[in-house]
Amino acid sequence: MYELARSLLFALDPETAHDLSLRALAGAHAIGAAQLLHPALPDDPVQAMGLTFPNPVGLAAGLDKNGVYVEPLAALGFGFVEVGTVTPRPQAGNLRPRLFRLPQAGALINRLGFNNDGVHALVARVRDARPAALLGINLGKNADTPLERSIDDYAQGLNAVYPYARYVTVNISSPNTRDLRTLQGGTELDALLAVVARERARLADQYGRRVPIAVKIAPDLIDQDLTRIADALVAHGMDAVIATNTTVAREPVAGLPNGQQAGGLSGQPLFARSTQVVRTLAQHLQGALPIIGVGGIFCGADAVEKLRAGASLVQLYTGLVYRGPGLVAECRRALAGYRNAAAPAPCAAS
C-alpha cells in the first residue's frame, strides 16, 4: 500500500509531500485509523539514560520540527519520538527548494536550516500531548545568533522545554547553520557543556526531576575528535550521544541528479559511516555512555547492525520516506529477535 502512496508523493515537491504526509497521518489518527498502519507488537523495553523506553526504535528529529504531530507519530509504534530542531526564536530557514530526493541512492539532501516556529510555540503544543512514546526535544541555535553567544540559545531552549521533555538533545552537528559544527571543537564544546550541565542541575532542583541530555554529533569527524568528544560528554555528565547527523560528504552520490546540492546527505549512503562512528564511540566509551544509532536504517537488519556496533537505541528518518510506516515494526521485530539471539532477515534489494 505504501508503494502506491510513495509513487504519488514522489510526484510532488519533497517538502510539499512531507507536509501532506504528516497532515494525512494526523487525520488518520483523529479518526482512530493510524493504528492500522502498524501491527500490535509487545513492548520490548530498554533501559537507557535512566529511562525505560517501551522499545528501542525512535523517530529522529527533523520530521516534526514544531511538535505538531507527536501523538500521531507515536501511534506508529515508536518507543520514542524526538521533535525539533527548535530554536529560541522562530525562523524561516533557508530558501526553497531546500529538500531533494536521490531515489537511485535511497537518500535525501536537505538544507532546511532549522526552520521552525520557535521554542515557545513548540512548548504550547507538546505541554498537553500524551504520546504513547517517550518525548525527546532537540535544541539548536538561531542562525543570526553570533557563535560566541550560542550558549545562551541552548540555555534558553533548555529552560523552556525542561518541564515537558523526557530527554533533551543538544544539536551541534547540523551542516545547515553556519559555523554550528564549530561547537564540536574542544574549547567550544567544554564551554557549552559546562553551561548545559549547570542549567540542568538548577532545573532539576527546581522541578524535582533530572531530565537526561543527549548530544548529537556529525559523522564527518576523525576518530581523534570522536574520542575527545566522548570524553567531554562523560566529564560533563551528559547522558547519551546520538550518532550521527547528516554528512557533507558527496562521494557516495557523485554524478547522481541533485547529488551535488548543498546540505546534509542522509539515507543509505550514510549507513556505513554512521555505523562506524557508533563502533568507534562504543569501543572507546566501554559502556560509560549509551549511544543512539541513526543514519541509513532501511530495514530490520540495518537496525540490528547498529546494535552490533554498540548502540542501545536506534532512530529512523529517511528510511521512513522510502519504506513507509512498516519500517518501524520491521525494525522492532528484528531488534527483539536479536536481543533474543535470533539472526535478522537480510535487507531486501531496494
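Modeller: Buried means under 20% relative accessible area, exposed over 50% and partly exposed in between, with a 1.4 Å probe and protein chains only. This is a predicted model, in which local features need pLDDT of at least 70. Residues are numbered from 1 along each chain as its sequence is written.

Biologist: What makes helix α9 largely enclosed by the rest of the structure?

Modeller: Eight of the 10 residues of α9 (residues 300-309) are buried, so the helix is largely enclosed. The buried residues are G300, A301, D302, A303, V304, K306, L307 and A309. Their cover includes α8, β12 (291-294), β13 (313-316) and α11 (326-339), where contact means heavy atoms within 4.5 Å. Just after α9, G310 takes a positive phi of about 130°.

Biologist: How do you know that the span of helix α7 agrees with its number of residues?

Modeller: The expected span is 1.5 Å times one less than the number of residues. For the 13 residues of α7 (residues 223-235) this gives 18 Å, and because the end C-alpha atoms are 18 Å apart, the two agree.

Biologist: Why are the buried residues of α7 said to line one face?

Modeller: In α7, L226, I229, A230, A232 and L233 are buried. Seen down the helix axis, they fall within an arc of 165°, so they line one face, the arc being that of the directions from the axis to the C-beta atoms. These buried residues pack against α6 (186-207), β9 (213-217), β10 (240-243) and α8 (271-285), whereas Q224 and A235, on the other side of α7, are exposed.

Definitions and conventions:
This is a predicted model: local features need pLDDT of at least 70, side-chain atom pairs count only at pLDDT 80 or more; totals for chains, interfaces and linings use all residues. Side-chain values use heavy atoms; hydrogens and water are left out. Helices (H or I, at least four residues) and strands (E, at least two) are DSSP runs, numbered from the N terminus.
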